[in-house]
Amino acid sequence: MSEGNKGILYVAIGERMRQPLVRSIESVRKHLDLPITLVTDLADVPDVDQVVVVEWPGQPGYAVKPAFIPRLPYARTLYLDTDTVILHSDAAKPLDLLTDRYGYHAAAIHGLSRRIHKVAPDLMCVPSFNSGVLFLRRSPIIRRAMSRWRKLYRGGEDEVALTKALLETRAPTYCLPCEWNYRGFGLNHWQAIRIVHHQSFHEPIDNWFEGLRGK
């Protein structure tokens, strides 16, 4: 299987996504040398390589993820929520797990709530993956998983449906440490954090470093 190209995907529906999106893109350009594809209904978003214009009926929400993330514009795609900030030049290194050398087709970080009682109640040991930072290989098994995600999602917690889809399709999935999806607590060393995932849209990127130094 060809590993092909790699890049970053954003999905931004609704004007309120603009400010955090611009901040996140700025952080990517500061630290990573990867192309960016944006799926959006916004106009004039700067510094992206490809824009896919879509229409979304009704209010935006979690439903846009299973609707648009499965498009996977690259052979190896890093999907980022708009409220993420890249803090290190090796933040995209987990894409190298999605190769024949290691054999994984997805990599993700478990959500803060874990929701072990919802993903697989008969097992009670499967935490839900957070859908805000996803590494996905464009392969037949991931296409099946993404199709299953769309079918399973009926509103509410999109990450429960995502995890069920990966589990049910037996997609080889690597569980990353929280340094790749830092939500504001649980780490003692700020230097280890690669990706921040937080809703403080007003914070400039460099302020993250100052704030994290105190943790």
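How many aromatic pairs does a search of the whole structure find? The search finds two, where rings of Phe, Tyr and Trp (its six-membered ring) pair if their centres lie within 6.5 Å. In one of them, the ring centres of tyrosine 104 and tyrosine 174 are 5.2 Å apart with planes at 80°, so this pair is edge-to-face (planes under 30 degrees apart count as stacked, over 60 as edge-to-face and the rest as tilted). Tyrosine 104 sits in the loop between β5 (84-86) and β6 (106-110), and tyrosine 174 in strand β8 (residues 173-175), so the pair ties together parts 70 residues apart in sequence. Strands (E, at least two residues) and helices (H or I, at least four) are DSSP runs, numbered from the N terminus.

This is a predicted model: local features need pLDDT of at least 70, side-chain atom pairs count only at pLDDT 80 or more, and totals for chains, interfaces and linings use all residues. Residues are numbered from 1 along each chain as its sequence is written, and side-chain values use heavy atoms, leaving out hydrogens and water.

Now for the cysteines. There are zero disulfides, a disulfide being a pair of cysteine sulfur atoms within 2.5 Å. The sulfur of cysteine 178 is 9.9 Å from the closest cysteine sulfur, in cysteine 175, too far for a bond.

Here is the accessibility of these residues, with buried meaning under 20% relative accessible area, exposed over 50% and partly exposed in between (1.4 Å probe, protein chains only).

| Residue | Relative accessible area |
|---|---|
| Tyrosine 104 | 26%, partly exposed |
| Tyrosine 174 | 32%, partly exposed |
| Cysteine 175 | 40%, partly exposed |
| Cysteine 178 | 31%, partly exposed |

Helix α1 has buried residues too, among them Pro20, Leu21 and Val28.
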